[in-house]
Amino acid sequence: MKTERNQAVYPVLHMVFWCAYAIIWGYTAVYLGHYGYSSGVVGLVTGAGAVISVLLQPLLAYMVKKGRNLTTGKLLFVLKIIAIAVALWMWGEPSGKWTVAILFMILAAIEVTIPSMLSTLAMNHVNSGHRINYGAARGLGSVAYALASFALGYLVKQMEIRWFALLYVVLSLFFLLFCVLFREMPEAVGSENSLSALEEQKQMGIMKKYPFLLYFLVGTVLLFMGHNMINIFLVNIIEEVGGNSENLGVAIAIAATLELPIMAYFNRLAEKIDVRKLLVFSSVCFLVKCILTYLSGNLMMIYLAQTVQIAAFGLFTPASVHFINVFMKRKDSGIGQALLGAFSLGLGGALGNVIGGFVLERFGASGMLLVTILLSASGLLFIIKSVFSIR
């Protein structure tokens, strides 16, 4: 009964979460731009939030591993309570320009932290011998993100931007409800004694224990730097070819909707094709998307570039989670998922946002897109080195 309910609740968790995520990260430049922040400052604010997430994710994973009664689900609940309080403060229009920036930074950090925790919930389920389709749930989350982004593109012209904070609160309350309904499986600790496992980690270090992991994380950072530059400053890219916020909503919706098929089908795909090959193919597609976006001279070309999302971010997300779960021991998989989240949306987001903001100000959208091509090409090389170094 618990398993059946979890199979129904888990996809809804993703759908509600990614709707809320669209409000914070999909319209970052629009939201902060409303308060007069330049592209460089937008990059700094979002980058700082991502850095906090980089530090927070491994810490939370370690706390769960050490704590007897502390679980990923409980920490998830607490983070959302904090986020709701911050969003309500933002809705009340706090005085002071930098107060808005700090509050947004906290929200951004929390939103980037949560995806790896949702991954851990699913992997604990799988490792306990129960079936749950992470790819399908994540794909439905992408569809929800697409629909929310499309709607927000029109709402941004119909209402004051501060009401976006209240929408976030409503969605977060629904998220809390489904958190309560979801019944967690035991954290992945493996059959070995947890204390001896901890000592082993102290002696060897997670990177020494899994030599491929450092290359994989560096490659992921580079790929996501380029990915985040395009996502955060997509409105600037669109405006350069004569578009507006409505076109932004359409572009985001195209990319996010196309993530569903590949994510939903991923489990079957992984049974037929080595996940390492899938990761390399996906990394190539990150590069292809950056090149197509750079070459875009009109809105239709931008929309075309967004369709590559299906094989870039759409494939890389479930494949990377599966890769960590397969090639790391069960007792280490929680920390592995946290590191993946910290380095992808976290560090990749932080560096991409900061560098992207300043390059955009100095060299324009074309200059920034050239940087994304270089980053994606470098990331591809690191991913190749990582996945094929495993014996």
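**Exercise 1. Burial and distance**

Trp-98 has a relative accessible area of 54%, so Trp-98 is exposed (exposed means over 50% relative accessible area, buried under 20%, and partly exposed in between, with a 1.4 Å probe and protein chains only). Before going on, note that this is a predicted model, in which local features need pLDDT of at least 70, side-chain atom pairs count only at pLDDT 80 or more, and totals for chains, interfaces and linings use all residues. Residues are numbered from 1 along each chain as its sequence is written, and side-chain values use heavy atoms, with hydrogens and water left out.

Task: Find where Trp-98 and Ala-137 lie, and how their C-alpha atoms are separated.

Solution: 
- Step 1. Trp-98 belongs to helix 5, and Ala-137 to helix 6 (helices are DSSP runs of H or I with at least four residues, numbered from the N terminus).
- Step 2. Ala-137 has a relative accessible area of 0%, so Ala-137 is buried.
- Step 3. Now try Leu-176 in helix 7 (residues 163-181). Its relative accessibility is 8%, so Leu-176 counts as buried. Leu-176 and Phe-77 are 99 residues apart in sequence, yet their C-alpha atoms are 6.4 Å apart in space.

**Exercise 2. Aromatic pairs**

Task: Classify the ring pair of Tyr-21 and Tyr-145, then the pair of Tyr-210 and Phe-212.

Solution: 
- Step 1. Recall the rule: rings of Phe, Tyr and Trp (its six-membered ring) pair if their centres lie within 6.5 Å; planes under 30 degrees apart are stacked, over 60 edge-to-face, and the rest tilted. The structure holds 22 such aromatic pairs.
- Step 2. For Tyr-21 and Tyr-145, the centres are 6.3 Å apart and the planes stand at 50°, so this pair is tilted.
- Step 3. Tyr-21 sits in helix 1 (residues 2-26) and Tyr-145 in helix 6 (residues 134-158), so the pair ties together parts 124 residues apart in sequence. Both Tyr-21 and Tyr-145 are buried.
- Step 4. Tyr-210 and Phe-212 show 6.1 Å centre to centre and 70° between the planes, an edge-to-face pair. Tyr-210 is buried at 6% relative accessible area, and Phe-212 is buried at 7% relative accessibility.
- Step 5. Ring pairs link these two into a cluster with other residues, including Phe-216, Phe-224 and Phe-286.

**Exercise 3. Helix packing**

Task: Describe how helix 4 packs with helix 5, and helix 10 with helix 14.

Solution: 
- Step 1. Two packed helices are described by the angle between their axes and the distance between the axes. Axes are lines fitted to C-alpha atoms over the stretch in contact, and angles run from 0 to 180 degrees between N-to-C directions.
- Step 2. Helix 4 (residues 72-91) and helix 5 (residues 97-127) pack at about 155°, with axes 10 Å apart. That makes helix 4 roughly antiparallel to helix 5 (under 35 degrees counts as roughly parallel, over 145 as roughly antiparallel, 65 to 115 as roughly perpendicular, the rest as oblique).
- Step 3. Helix 10 (residues 211-232) and helix 14 (residues 275-295) pack at about 30°, with axes 11 Å apart. Helix 10 and helix 14 are therefore roughly parallel.

Definitions and conventions: Helices (H or I, at least four residues) and strands (E, at least two) are DSSP runs, numbered from the N terminus.
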